[in-house]
Amino acid sequence: MRFMILIKATKDSETGVLPSTELLTEMGKYNEELVKAGILLAGEGLHPSAKGARVKFSGGKRTVIDGPFAETKELIAGFWLWQVKSKEEAIEWVKRCPDPMPGTESEIEIRQVFESEDFAPSDPTGELMEKEQQLRELTESKRR
């Protein structure tokens with residue numbers, strides 16, 4: 001099972017306050033543990049929403065909204081993508097994580113990622129899943 005681990009933004013992360021050297025060191029050690037356990041697939045920190053944009057879809061219309069975005073508690077400061085056996089395992093790993101936003105209340109959200117087979121009822125012939133697999137393989141080959 002894959003899970004997206006979402007590190008919620010805070011006022012500090014949204015104003016561009018960078019993590020301390022101590023926190024970067026702690027997170028580096030934690031990431032090492034994740035790699036050694038074979039769990040970590042990807043992970044990155046994100047710039048504040050002031051450097052981002054949203055595209056709103058309304059019928060055939062597309063509207064671009066530049067950041068920053070108001071609701072800090074709904075924003076994301078970083079993420080990991082993990083491969084684990086269960087949600088419970090993901091929770092146990094998150095509980096071991098260094099506090100991502102020391103000095104303030106912080107939160108990490110855990111969300112399961114859909115797998116191709118989850119969509120099988122919507123794809124009775126398997127054609128869509130086959131195309132999805134081809135895209136994944138193409139993506140992998142392009143990364144090399």
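Two strands are taken to pair if DSSP finds at least two bridges between them, and helices (H or I, at least four residues) and strands (E, at least two) are DSSP runs numbered from the N terminus. This is a predicted model, in which local features need pLDDT of at least 70 and side-chain atom pairs count only at pLDDT 80 or more, while totals for chains, interfaces and linings use all residues. Residues are numbered from 1 along each chain as its sequence is written, and side-chain values use heavy atoms, with hydrogens and water left out.

Q: Over how many bridges do S1 and strand S5 pair, and in which sense?
A: Strand S1 spans residues 2–8, and strand S5 covers residues 76–83. Within this pairing isoleucine 7 stands opposite glycine 78, and leucine 6 stands opposite phenylalanine 79. The sense is antiparallel, and the count is 7 bridges.

Q: Which residue of S6 is the bridge partner of phenylalanine 3?
A: S1 is also joined to strand S6 (residues 108–112), with which it runs antiparallel over 5 bridges. In S6, the partner of phenylalanine 3 is glutamine 112.

Q: How many residues of strand S1 are buried?
A: Buried means under 20% relative accessible area, exposed means over 50%, and partly exposed lies in between, with a 1.4 Å probe and protein chains only. Strand S1 has 7 residues and is mostly covered, the number buried being 6.

Q: How far apart in sequence are the parts that the pair of tyrosine 30 and tryptophan 80 ties together?
A: Rings of Phe, Tyr and Trp (its six-membered ring) pair if their centres lie within 6.5 Å, and planes under 30 degrees apart count as stacked, over 60 as edge-to-face and the rest as tilted. Tyrosine 30 and tryptophan 80 form an edge-to-face pair, 5.6 Å centre to centre with 70° between the planes. Because tyrosine 30 lies in helix H2 and tryptophan 80 in strand S5, the parts tied together are separated in sequence by 50 residues.

Q: Which residues form the one aromatic cluster?
A: Tryptophan 80 and tryptophan 82 form a tilted pair, 5.7 Å centre to centre with 35° between the planes, and both are buried. The one cluster is formed by Tyr30, Trp80, Trp82 and Trp93.

Q: Which ring does the charged end of arginine 96 sit over?
A: A charge sits over a ring if NZ of Lys or CZ of Arg is within 6 Å of the ring centre and within 35 degrees of the ring normal. Arginine 54 lies over the face of phenylalanine 69, at 3.8 Å from the ring centre. For arginine 96 the distance from the ring centre is 4.1 Å, and the ring is that of tryptophan 93.

Q: Which side chain makes a polar contact with the side chain of serine 49?
A: A polar contact is a pair of N or O atoms within 3.5 Å; within protein, one must be able to donate a hydrogen and the other to accept it, and residues adjacent in sequence count only if both atoms are side-chain atoms. Serine 49 is found in the loop between S2 and strand S3 (53–58), and its side chain reaches the backbone nitrogen of phenylalanine 69 at 3.1 Å. The side-chain partner of serine 49, at 2.4 Å, is glutamate 14.
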